[in-house]
Amino acid sequence: MATTDAPRQRAPFFDLSNMRGDIFGGLTAGVVALPLALAFGEASGAGPIAGLWGAIFVGFFAAVFGGTGAQVSGPTGPMVVVFAGVFASLSGNPALVFAAVVLAGVIQILFGVFKLGQYIRLVPYPVISGFMSGIGCIIIALQLSRLFGHEPDGGGTIPALTAIPGAVMDPNWSALTIGAATLAIIFAWPKSWAKFVPGALAALVIGTLMSLVIKGAPILGDIPTGFPSFIMPAFTQDTFLIVLEAAFILAVLGAIDSLLTSLVADNMTRTRHNSDRELIGQGIGNTVAGLFGAIPGAGATMRTVVNIRTGGQTKLSGMLHAVLLFAVVVSLAPLASQIPHAVLAGILVKVGYDIVDFAYLKRAHKGPRWDLALMALVLGLTVFVDLITAVAVGVVLAALAFVKKMADDQLAHFRAGDPVLSGDEERELLARAKNRVMLFDFGGPLSFGAAADLGHHVRDRVKEHTGAIVLDFSRVPFLDVSAARAVETIACDAKQAGKTVYVTGMCDNVRKVLAGLNADHCLPANTCYDTRIEALRAAVAEVTSGGDAGGEPAAGGAVQPA
């Protein structure tokens, strides 16, 4: 069959092949996003209108420039928790607060430009589960006082928790009644009804109508209308580090949140997203949002799932979701002034509940205990310290645990012995050497985790034997600096003990590392062989004849895998 190398056609920037599904998906996602955007805006401290504009700007620009077709972006629980802390720490100064948002967007763009998306996705699942569950707990803690008609104390999670008993003892009965009704509606709303009216939207409408009958519950009050004003970011020398730290936290969290949602979208649509382009799109959206006083956002899992299930597949659906919210802001913003705080608090309690990883917690005791301990540690640090500390500690501990496990596996293989030899001649040679030739078969990549113990183990074995050592690197595709120094130590110890070191199977990568670090100065060039059988012949010839390295084969030896 003849084949042709026709030039590949670039996919169109806007795919119109799924127009009907994208319209339904985008409009449905917009309806779902409306109450959440209002609630997130109120919880952030910047006001409900800032939440709506955040959903509009981030949702539109992240869809246009992002790398996940069906992704719907906007304010999310994790981002709002961090932004609320930034808003409080910077005393609500718009120039400083939104400078952090703009800078976070720029950092995300740089993440994408320098192709760091693949590394951000390497955060282990227990760490992700821990900080997401911790954020869910924070959201719930911050809203409990509002359910009883009181505003939570500023300053973080602990003050909010300490304020709950006082709110419970002195409730605003109107707010508590409306909040309880909101929770009942949003938790009990049938899934079959949710196809037509989302539970959060139903709770928002019913709770607001209840407030017109049950007077006395705190409401949002006047909400600004019209297009938001441009805010020029600014910071001083004294506030630069605070703004930079806040921006970095927002950027990293937004990147992780968005890419996790992208993976969910991939699984549902059987497609593959472009993580670096997605980060650039999210960065552009957050940059624009910050310039107009809107709260930052990320890829929103629930809204993305709703979009896909109702037919959305391309970026048009995410753009239409933002257009719908824009129309609501222009026409219906004054009506939102009657929404009670307790209604938004009830909606956010459900959001926090959904973020907590109950699926893992129910089965965590059946998995590795270390993973459960790591998840619990990250959760605690997220709630009682801060998010960046929780993620940093979690990633470092997870990496160390992985390195320790790999090192233990390497050393276990090293100590267990290698009974499989490549042929009868090797067995004969090692048998005839009578433990005067030691064969060290490195079982795979040499990591820094196993390097120190590896050197000590070989040194101890060398003391017990006389003759020659054969180091087989056939299964070592690479080694790091620590492993190179361990090899250097093995070779130098053998040389000082008067033993010849034979090397076989060393690939170019390993050879370059050893040569570049001058770690091969105790490895004579004339004892390097391409195959293990050649090295064994030379080593056995030396110990049995007492001659120079490279002589004719004679007999005997010991096997030591590394």
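Let's start inside the fold: P78, M79, V82, F83 and V86 of helix 3 meet A246, I249, L250, L253, G254 and D257 of helix 11, where contact means heavy atoms within 4.5 Å. Those contact residues split into nine nonpolar, one polar and one charged; Ala, Val, Leu, Ile, Met, Phe, Trp, Tyr, Cys and Pro count as nonpolar, Asp, Glu, Lys and Arg as charged, and the others, Gly among them, as polar. Keep in mind that this is a predicted model, where local features need pLDDT of at least 70, side-chain atom pairs count only at pLDDT 80 or more, and totals for chains, interfaces and linings use all residues. Residues are numbered from 1 along each chain as its sequence is written, and side-chain values use heavy atoms, with hydrogens and water left out.

**Helix 3 and its partners**

- Two packed helices are described by the angle between their axes and the distance between the axes.
- For helix 3 and helix 11 (residues 240-269), the axes come within 10 Å and cross at roughly 175°, so the pair is roughly antiparallel (angles over 145 degrees count that way, and under 35 as roughly parallel).
- Helix 1 (residues 19-44) also pairs up with helix 3 (residues 77-89): their axes come within 8 Å and cross at roughly 25°, and the two are therefore roughly parallel.
- That crossing of helix 1 and helix 3 is right-handed, meaning the near helix is turned clockwise from the far one by less than a right angle.
- On the helix 1 side, F40, A43 and S44 meet G77, V80, F83, A84 and F87 of helix 3.
- The residues in this contact of helix 1 with helix 3 come out as six nonpolar, two polar and no charged.

**A buried asparagine**

- N286 sits in helix 12 (residues 275-291).
- With a relative accessibility of 1%, N286 counts as buried (under 20% relative accessible area, using a 1.4 Å probe and protein chains only; exposed is over 50%, and partly exposed is in between).
- Its side chain reaches the backbone nitrogen of G297 at 2.8 Å.
- Leaving out residues up to four places away in sequence, N286 touches V58, V101, G105, Q108, P296 and G297.

**Two loop residues with positive phi**

- Most residues other than glycine have a negative phi.
- S91 has a positive phi near 55°, and its place is the loop between helix 3 and helix 4 (94-113).
- At 69% relative accessible area, S91 is exposed.
- N518, not a glycine either, has a positive phi of about 55°.
- You'll find N518 in the loop between helix 22 (508-516) and strand 6 (528-529), and its 47% relative accessible area makes N518 partly exposed.

How values were computed. Axes are lines fitted to C-alpha atoms, for helices over the stretch in contact, and angles run from 0 to 180 degrees between N-to-C directions. Helices (H or I, at least four residues) and strands (E, at least two) are DSSP runs, numbered from the N terminus. Angles under 35 degrees count as roughly parallel, over 145 as roughly antiparallel, 65 to 115 as roughly perpendicular and the rest as oblique. A polar contact is a pair of N or O atoms within 3.5 Å; within protein, one must be able to donate a hydrogen and the other to accept it, and residues adjacent in sequence count only if both atoms are side-chain atoms.
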